[in-house]
Amino acid sequence: MQLRYAMTGLVVALALAGCDRTAYNYNSSPNSMPTPLTAQPVPSVQGGQLPPVNNPSFPAAPTTTAPMQGGAQPGAMTANALDVTKESMVGSWRVNGSCDMFLTLTNLGSGSRGGTRGCVGELTAMGSWEVAGKQVLLKDRSGNQLGSVYKTADNRFEGQTSTGQQISLSR
């Protein structure tokens with residue numbers, strides 16, 4: 001048993017013998033400080049209006065939305081539309097029973113970030129959304145309106161895209 005204690009002590013002693021104090025130089029005087037760096041010259045700040053950006057990689061500014069087919073305007077809704085709040089829209093929605101739409105409160109332009117998964121047609125370009133009155137406007141990443149829906153029941157919205165494709169959201 002004492003042999004085991006002796007071996008343990010020997011291993012600890014060897015391990016500590018390998019340690020060296022290299023992080024601090026004990027031979028230097030306590031008052032010695034590193035030499036300060038020399039300041040670099042900084043040009044003066046100028047103010048003024050920036051020129052317009054003429055870069056084709058930037059998205060185009062949002063355009064006015066075209067009227068929806070079938071005579072319905074983007075702001076049109078049925079008389080039985082229910083009130084809707086932005087907070088009640090957040091989360092995952094099933095679109096037309098075949099794909100998913102995800103709505104967040106993260107700001108993106110004038111609306112909030114949103115997107116779809118597995119959808120076809122115009123909804124694949126959806127990038128943002130916002131509540132306007134009693135309807136929810138669906139927009140692409142450039143801010144152009146793709147369509148709108150209105151609340152018809154708890155966890156149920158109906159509407160259409162700007163090309164007339166019917167949209168129903170449900171949870």
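Predicted model: local features only at pLDDT ≥ 70, side-chain atom pairs only at ≥ 80, totals over all residues.
**Exercise 1. State how many helices and strands the protein has, and in which order they run.**

Step 1. The protein contains 2 helices and 8 strands.

Step 2. Read from the N terminus, the order is α-α-β-β-β-β-β-β-β-β.

Step 3. Helix 1 covers residues 2–17, which is 16 residues. From its first C-alpha to its last, helix 1 reaches 22 Å, close to the expected 22 Å.

Step 4. The number of buried residues in helix 1 is 0, so helix 1 lies largely in the open.

Step 5. For the protein of 171 residues, the buried share is 26%.

**Exercise 2. Find which strands pair with strand 1, and in which sense.**

Step 1. Strand 1 is joined to strand 2 by 5 bridges, and the two run antiparallel. Within this pairing, Gly-91 has Leu-103 of strand 2 as its bridge partner.

Step 2. Strand 1 and strand 2 make a hairpin with 3 residues between the strands. In this hairpin Asn-96 takes a positive phi near 50°.

Step 3. Strand 1 is also joined to strand 8, by 2 bridges and again antiparallel. Here Arg-94 stands opposite Ser-170 of strand 8.

**Exercise 3. Work out how strand 6 is placed and which strands it pairs with.**

Step 1. Strand 5 and strand 6 run antiparallel and are joined by 5 bridges. Leu-137 stands opposite Ser-148 of strand 6.

Step 2. The hairpin of strand 5 and strand 6 has 4 residues between the strands, and Gly-143 takes a positive phi near 95° there.

Step 3. Strand 6 and strand 7 are antiparallel too, with 6 bridges. Tyr-150 stands opposite Glu-158 of strand 7.

Step 4. The hairpin of strand 6 and strand 7 has 2 residues between the strands. Asn-155, in the turn, has a positive phi of about 60°.

**Exercise 4. Locate the disulfide and give its handedness.**

Step 1. Across the whole structure, the search finds 1 disulfide. Cys-99 and Cys-119 form this bond, with their sulfur atoms 1.9 Å apart.

Step 2. The torsion about the S-S bond of Cys-99 and Cys-119 is about 85°, so the disulfide is right-handed.

Step 3. The two cysteines are 20 residues apart and link distant parts of the chain. Cys-99 is in strand 2 (residues 99–108), while Cys-119 is in the loop between strand 3 (111–117) and strand 4 (126–132).

Step 4. Relative accessibility is 5% for Cys-99, which counts as buried. For Cys-119 the value is 9%, and Cys-119 counts as buried as well.

**Exercise 5. Describe the largest nonpolar core and the contacts of Leu-138.**

Step 1. The largest nonpolar core has 18 residues. The members that touch the most others are Met-89, Val-95, Met-101, Val-136, Leu-138, Phe-157 and Leu-169.

Step 2. The elements giving two or more residues to this core are strand 1 (91–95), strand 2, strand 4, strand 5 (135–140), strand 6 (145–153) and strand 8 (166–170). Strand 2 gives the most, with 3 residues.

Step 3. Setting aside neighbours within four places in sequence, Leu-138 is in contact with several residues, including Met-101, Leu-123, Trp-129, Leu-146 and Ile-167.

Step 4. For the protein, take the contacts between residues at least 6 apart in sequence: 39% of them join residues at least 24 apart.

How values were computed. Residues numbered from 1 in each chain as written. Heavy atoms only, no water. Disulfide = S-S within 2.5 Å. Buried < 20%, exposed > 50% of the residue type's maximum accessible area, 1.4 Å probe, protein only. Expected span 1.5 Å × (residues − 1). Core = buried A, V, L, I, M, F, W, Y, C linked by side-chain atoms within 4.5 Å. Contact = heavy atoms within 4.5 Å. Pairing = 2+ DSSP bridges.
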